[in-house]
Amino acid sequence: MSYRYDFDVIAQWIAPGEKVLDLACGDGSLLKHLMAVRQVQGYGVENNVDNVVACIDNGINVIQVDLEKGLAGFEDGFFDHVIMSLSLQAIHNTQGILAEMLRVGREAVVSFPNFGFWRHRQSILNGRMPVSESLPHQWFNTPNVRFFTIADFDALCEINGIAIRERLAFDEGKLVIEEPNFLASVAVYRLGR
Amino acid sequence: MIRPQSIGAVTPQTEHFGEALNLRSGGVLPEYDLVYETYGALNASATNAVLVCHALSGTHHVAGYYEDDPGNVGWWDNLIGPGKPLDTRKFFVIGVNNLGGCAGSTGPRSLNPATGKHWGADFPFVTVEDWVTAQARLADRLGIHRFAAIVGGSLGGMQAISWSLQYPERVANVVAIASTPRLSAQNIAFNEVARQAILSDPDFHGGHYYEHGTIPTRGLRLARMIGHITYLSDDSLAEKFGRNLRHGRPMYNFDIEFEIESYLRYQGDKFSQQFDANTYLLTTKALDYFDPAFEHGGHLPAALARSTADFLVVSFTTDWRFAPERSREIVYALLHNQRNVSYAEIDCAAGHDSFLLDDPRYHGVLRSYFDRMKV
């Protein structure tokens, strides 16, 4: 089981007893955390059978779905929150999945690594693709398929009429207030329609 | 952890029921026997029982082997035993031959107490629900009020689902594998072709072939052949047999030429020598009739609202008989009711029959689910 600081950020947006869907939920750590601190009725979505097994080991409801195909089968507005933690950058159909999250959930919570983080920019200026704590893979083995910054994501939400209800940005677990697109390595958003 | 091993030699038992069973079809079985096997030990509080429901051609012989017939290994032996995913050191596992069967429980081959003759075509229609009712009576006799899990693949999965609807308070977990909440028109179509093969066999004699000393082996053989095609995937057939020719070239006759023909004939012959044609007819009809959503205007979520069990649903990507879409229907209907449900879609090439194989990812999912189960 892994625990990440963004779990606490996400937990503060979740009310006790909510219905929560966690997309690309990994081993179910976040849901387990939310069940413990918010008593949520939680379901995870995974497409990797090893992670499905890990969720079952952790006592987490998990449904195997290929997120690239959307969330067909999940009912409109069924969940209070639909979460995708540090996985949006690994999905091709970015706009599709965001629309689906806001279809099946009242609100969406999305976190992602900020490619605009200054260390990443520095790396590019030095002629190499960034490798960091938030982007731990090499260019040739990364699961990430979309490379975007906080500013890019803000613009996408604008184009798609997605309301940004709250945005928190972090570096090494510390809140970044000033110049988040430059100084933050990870951003967590609370989105609505 | 111990090395997974066989439960060893097992012995079937028979339980006689003198009280009549009123069936959904309106028919009545005045009395009946159920033959069953058990593996492992029931704990003192009787909370570790797992019922394994069998599919079309399955029996109560789920695991282990017979002392006098060591080659006769249970049909789900790779799943059940000490150290196996359904571990008999933890669970008390039960397999029951269903009513209308031909492996020892009362069926068309049994004698009708009213006439002293074989039931034959007069054996009443039995449904998935009737099987579950009979299984519940057996559970009563065994002192099991609530099952840790009801497990089944294919038609067995339908029984597991039905258990959670008929006796919600008696089921903690349902494990429904390669199953469906109802047959599709295509499924029923294949069943109908199989039935017509049997019904049109001159040796069938309207189902009273026992009296005529005949067996409709030709019909049963054809029924099994067509069934078998639907259990396998296009890819698995291609991989196993391809277009391989027995003689290396066309012979321009109707003997066995392609290896797939040889395989199908072998499967058909083997099956027709051991299985009862009336059982096949009744069982395919039980498959066709199962549809818990029917009484709810076709709305499955409403039908499953009664169920309080936790569910594990598993499907296989190449299963076109009971495709993953059917399993997902079950999952989303349970989700609608906010039930605990997990779903795995196993990438396995073997089609519907994948549920009988020991794919490591598939068995990994089951092992985790059973390991975590509280008893």
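Helix packing in chain B

Helix α3 (residues 185–199) of chain B and helix α8 (residues 277–289) of chain B pack at an angle of about 160 degrees, with their axes 10 Å apart. The model is predicted.

Me: Are α3(B) and α8(B) roughly parallel or roughly antiparallel to each other?
Reply: The two helices pack at an angle of about 160 degrees. Angles over 145 degrees count as roughly antiparallel. α3(B) and α8(B) are therefore roughly antiparallel.

Me: How many nonpolar residues are in the contact of α3(B) with α8(B)?
Reply: On the α3(B) side are residues including Ile188(B), Ala194(B) and Leu199(B), which meet residues of α8(B), among them Tyr280(B), Leu281(B) and Leu287(B). By class, the contact of α3(B) with α8(B) holds two polar residues and three charged ones, and the number of nonpolar residues is eight.

Me: How many charged residues are in the contact of α5(B) with α7(B)?
Reply: α5(B) contributes residues including Arg221(B) and Arg224(B), and α7(B) contributes residues including Arg265(B) and Asp269(B). The contact of α5(B) with α7(B) also has six nonpolar and five polar residues, while its charged residues number four.

Terms used: Residues numbered from 1 in each chain as written. Chains lettered and ligands numbered in written order. Predicted model: local features only at pLDDT ≥ 70, side-chain atom pairs only at ≥ 80, totals over all residues. Heavy atoms only, no water. Contact = heavy atoms within 4.5 Å. Helix = DSSP H or I, 4+ residues; strand = E, 2+ residues; numbered from the N terminus. Nonpolar A, V, L, I, M, F, W, Y, C, P; charged D, E, K, R; others polar. Axes fitted to C-alpha atoms, helices over the stretch in contact; angles between N-to-C directions. Parallel < 35°, antiparallel > 145°, perpendicular 65-115°, else oblique.
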